[in-house]
Amino acid sequence: MDPVLDERAMDRRAFSKLALSSVALAALPSAVGRAQGFASPMPAPLPPATVGEAKYHQILQRAKAALDRHHDQFELRDRVALADFTVASKDLRFHIVDLISGQSWSYLVAHGKGSDPEHTGYLQRFSNEMGSLATSEGAYKTGDIYFGVHGRAMRLVGLDGTNDLADPRAIVIHGAPYVSENQIATWGKLGRSEGCFAVAPHMLDAVVSLLGPGRLLYADKQV
């Protein structure tokens, strides 16, 4: 081969290799960014939002009355949580309601062992007594988020005489493995907490994010 032609061919190959390398390097930050974005933790999924309050109307009205009764406690009045213990634990009975848009999000929630000693799946009674392991009724104010024996959790402050021992009783919102669709499929009901508002672990972040500190949680049964 002609040495001049051979040198030109090598130059073309070198140029092509350099050009491809440059393209690859230029694309690298974007590709890395996409990979990092894919690997980063995703926010907890929200169940579909619904509009309408028919199934929890009574408790919602009581919650609104509690907002007025404890008006000095709540600067945030846009969103409330309702724990409707009228229905069975297998049902979605923890509702977070946007009072402005009317949208709501519904979740599973467990009740306390002391509220259902026979483990029927239904809350039989409320109690505010120390050591009762029962769920307490009434108005709560959501508090700070912390990491404890159940992992990530949200503190609750009881505002009524029926639940004012929530803090010394360590009544909080936390995730628990006995709150799941698999538990319902196997046993027809959820497991029981020690009085806490236990939700499905994979839904805890969504619940905590929607509520945040400083909002009302109201627990009750409808007549």
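Visitor: In this predicted model, are Phe-85 and Phe-126 buried or exposed?

Guide: The model is a predicted one, and the term rests on relative accessible area, where under 20% counts as buried and over 50% as exposed. By that criterion Phe-85 and Phe-126 are both buried.

Visitor: What kind of aromatic pair do Phe-85 and Phe-126 form?

Guide: A search of the whole structure finds three aromatic pairs. For Phe-85 and Phe-126 the separation is 6.3 Å centre to centre, with 70 degrees between the planes. Planes over 60 degrees apart count as edge-to-face, and the pair of Phe-85 and Phe-126 is accordingly described as edge-to-face.

Visitor: How many residues apart are Phe-85 and Phe-126?

Guide: Phe-85 belongs to the loop between strand 2 and strand 3, while Phe-126 belongs to the loop between strand 4 and strand 5. The pair thus links distant parts of the chain, its members being 41 residues apart.

Visitor: Why is the pair of Tyr-140 and Phe-197 classed as it is, and what is that class?

Guide: Tyr-140 is buried, as is Phe-197. Tyr-140 lies in strand 5 and Phe-197 in strand 8, so their pairing ties together parts that are 57 residues apart in sequence. Because the ring centres of Tyr-140 and Phe-197 are 5.3 Å apart and the planes stand at 85 degrees, the pair is edge-to-face.

Visitor: Which residues do the ring pairs link into a cluster?

Guide: Phe-85 pairs with Phe-126, and Tyr-140 pairs with Phe-197. Ring pairs link these residues into a cluster, whose members are Phe-85, Phe-126, Tyr-140 and Phe-197.

Visitor: Which residue in strand 9 does Gly-138 stand opposite?

Guide: Strand 5, at residues 138-148, runs antiparallel to strand 9 and is joined to it by four bridges. Within strand 9, the residue opposite Gly-138 is Ala-219.

Visitor: Which residue in strand 9 stands opposite Ala-81?

Guide: Strand 2, at residues 79-84, is joined to strand 9 by five bridges, and the two run parallel. Ala-81 stands opposite a residue of strand 9, namely Leu-217.

Visitor: How many of the five residues of strand 9 are buried?

Guide: In a regular strand the side chains alternate between the two faces of the sheet. Here both faces are covered, with Leu-216, Tyr-218 and Asp-220 buried on one side and Leu-217 and Ala-219 buried on the other. Strand 9 is therefore largely enclosed by the rest of the structure, the count of buried residues being five of the five.

Visitor: How many of the eight residues of helix 4 are buried?

Guide: The buried residues of helix 4 are Leu-204, Ala-206, Val-207, Val-208, Leu-210 and Leu-211. Helix 4, at residues 204-211, is therefore largely enclosed by the rest of the structure, and the number buried is six of the eight.

Technical notes:
Residues numbered from 1 in each chain as written. Predicted model: local features only at pLDDT ≥ 70, side-chain atom pairs only at ≥ 80, totals over all residues. Heavy atoms only, no water. Buried < 20%, exposed > 50% of the residue type's maximum accessible area, 1.4 Å probe, protein only. Pairing = 2+ DSSP bridges. Phe/Tyr/Trp six-rings, centres within 6.5 Å; stacked < 30°, edge-to-face > 60°.
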